[in-house]
Amino acid sequence: MNTILSVIALIEDSLPETLRVEQIAARSGYSRWHLQRQFKRATGMSISQYQRHRLLSLAAEKIATTDHRILDIAIEFGFESQEAFARAFKRFAMVAPKNIRQQPIWAKRLSLAEMDKTALERLSLLNQSDIRFNTQPASRWACSAIRIDSIDRDATVIDERINDGFLALQQQANVEGLDFTRCRILEFSEHNQYAGGSFPLAIGFQVDDDFVISDTLFEAIVPERHIGSIDVPSTEYIEAVYFHLGIRLKEEHHLRFGPLPYCWGTSDAGLTFSFAVEPFDASKQTLTHVDAFPVSVISLNLIDIPVSRHSLPKEKHAGTRRIASVFDAFPSWTHLIANNEEGMMVFGDPSAHYDAQFDVFFAGVEENLQQAELQPECHSMGIEGCYLASTWKGENLSDIDSDIERFYHYLNRHSEFYYSAGPEIIRDVKVVNTGDVHSVSFELLTPIRSRQR
């Protein structure tokens with residue numbers, strides 16, 4: 001380990017200049033082949049890969065926190081031209097350098113930090129841990145949301161928030177049917193995954209189909225899927241396990257992380273992390289409830305829209321698991337927008353309030369308010385920009401929420417667009433009741449930006 005730490009120190013002292021592997025080997029006293037092999041075994045990367053990731057990480061930080069020209073930053077970090085820098089940066093970050101401007105949280109999310117002794121020790125232990133693969137049947141969960149506001153996924157913060165969530169949940173009414181000894185922590189995705197500094201979790205209880213989930217909780221349906229599992233000693237390994245698994249899944253199994261939610265549970269070894277996997281070259285997959293795919297791109301310029309503002313209860317929301325919760329929490333309002341050509345449901349910018357759940361706005365229903373005897377908190381808002389329009393339908397809103405989770409998972413890897421923080425719109429909501437069939441359909445408008453600009 002001391003040899004690897006010495007190599008890392010040599011690399012860090014030389015940045016932004018990158019050293020040839022021959023230079024590093026000569027200074028360390030080892031052959032190039034031996035040093036490369038030991039470095040790859042300890043870190044999961046070649047020496048050249050580590051240098052390039054560290055170089056681009058520092059460049060991303062400078063782009064995000066200064067107003068220096070991209071060209072000047074490219075030259076400072078050893079690139080011959082802005083075009084060459086942009087090509088390398090897009091391979092590293094999946095977006096053009098301009099997209100990171102004034103986005104320090106995003107820059108930190110994608111950056112590789114300098115590896116120290118603790119990081120190498122954790123990676124060494126994870127390298128000795130088996131990854132088990134299995135097929136997980138579909139499951140239904142009763143969940144209470146927790147939100148962690150720590151981009152570093154600090155173990156102390158995570159443990160405190162989970163403990164607080166347990167205490168709050170145990171004090172609620174109507175939880176006697178839940179088995180706290182068998183609960184799990186479910187990790188969901190956040191819409192603004194890159195620009196946001198938080199990630200959503202939930203205390204989850206797997207329940208039968210006929211179990212009645214209380215009004216204070218939300219339902220999550222996890223479809224059948226292929227999963228991998230690995231044991232880790234504690235929450236201190238959470239950050240390392242993602243980095244480690246990303247490399248091992250690709251190189252050893254030609255797999256990558258699949259759509260969330262993922263699951264954390266206790267084990268004899270400490271914690272067991274279970275996660276969906278998919279082929280690394282998986283193309284866009286069929287989504288059960290999507291009528292129109294690929295989606296269409298539209299531009300919006302809506303000014304001074306009268307809206308009624310509400311807040312989705314904290315325990316009812318985790319990541320994209322919102323639509324079923326909104327229909328459940330605001331039945332009068334959702335009834336007003338259903339089958340109403342002017343009615344819209346607008347979710348607020350997820351990055352606006354890191355310690356709060358989504359604001360929900362209802363628009364286009366002013367004429368119906370007096371008749372419905374509702375007392376709205378009235379506001380006006382504007383919505384503009386580029387949006388992705390997709391159509392969804394089904395008999396179960398929780399199933400649709402699951403598919404939307406997958407939709408955002410694949411959107412993060414789209415070659416042309418990425419999710420951009422902003423209001424999301426649900427419009428053209430139709431509810432059809434025919435006999436025993438209760439069907440819901442709507443159009444979802446998702447704010448996006450181009451990866452190319």
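Arg132 is partly exposed, with a relative accessible area of 38%. This residue and the others below are shown in a predicted model.

**View 1. Salt bridge between Arg132 and Asp231.** The closest N and O atoms of the pair are 3.3 Å apart. Arg132 belongs to strand β1 (residues 132-136) and Asp231 to strand β6 (residues 225-232), so the bridge ties together parts that are 99 residues apart in sequence.

**View 2. Salt bridge between Arg406 and Asp403 within helix α14.** The N to O distance between these side chains is 3.4 Å. Both residues lie in α14 (residues 397-411), 3 residues apart, which is about one turn of the helix. Arg406 and Asp403 are both buried.

**View 3. Salt bridge between Asp428 and Lys430.** Here the closest N and O atoms are 2.3 Å apart. Asp428 is partly exposed at a relative accessible area of 40%, and Lys430 is partly exposed at 38%. In the whole structure, a search finds 15 salt bridges.

**View 4. Contact of helix α3 with helix α8.** The axes of α3 (residues 32-43) and α8 (residues 117-127) come within 8 Å and cross at roughly 85°. The two helices are therefore roughly perpendicular to each other. On the α3 side the contact is made by Arg41, Ala42 and Thr43, and on the α8 side by Leu120, Leu123 and Asn127. By residue class, the contact divides into 3 nonpolar, 2 polar and 1 charged.

Notes. Residues numbered from 1 in each chain as written. Predicted model: local features only at pLDDT ≥ 70, side-chain atom pairs only at ≥ 80, totals over all residues. Heavy atoms only, no water. Axes fitted to C-alpha atoms, helices over the stretch in contact; angles between N-to-C directions. Helix = DSSP H or I, 4+ residues; strand = E, 2+ residues; numbered from the N terminus. Parallel < 35°, antiparallel > 145°, perpendicular 65-115°, else oblique. Contact = heavy atoms within 4.5 Å. Nonpolar A, V, L, I, M, F, W, Y, C, P; charged D, E, K, R; others polar. Salt bridge = Lys/Arg side-chain N within 4 Å of Asp/Glu carboxyl O. Buried < 20%, exposed > 50% of the residue type's maximum accessible area, 1.4 Å probe, protein only.
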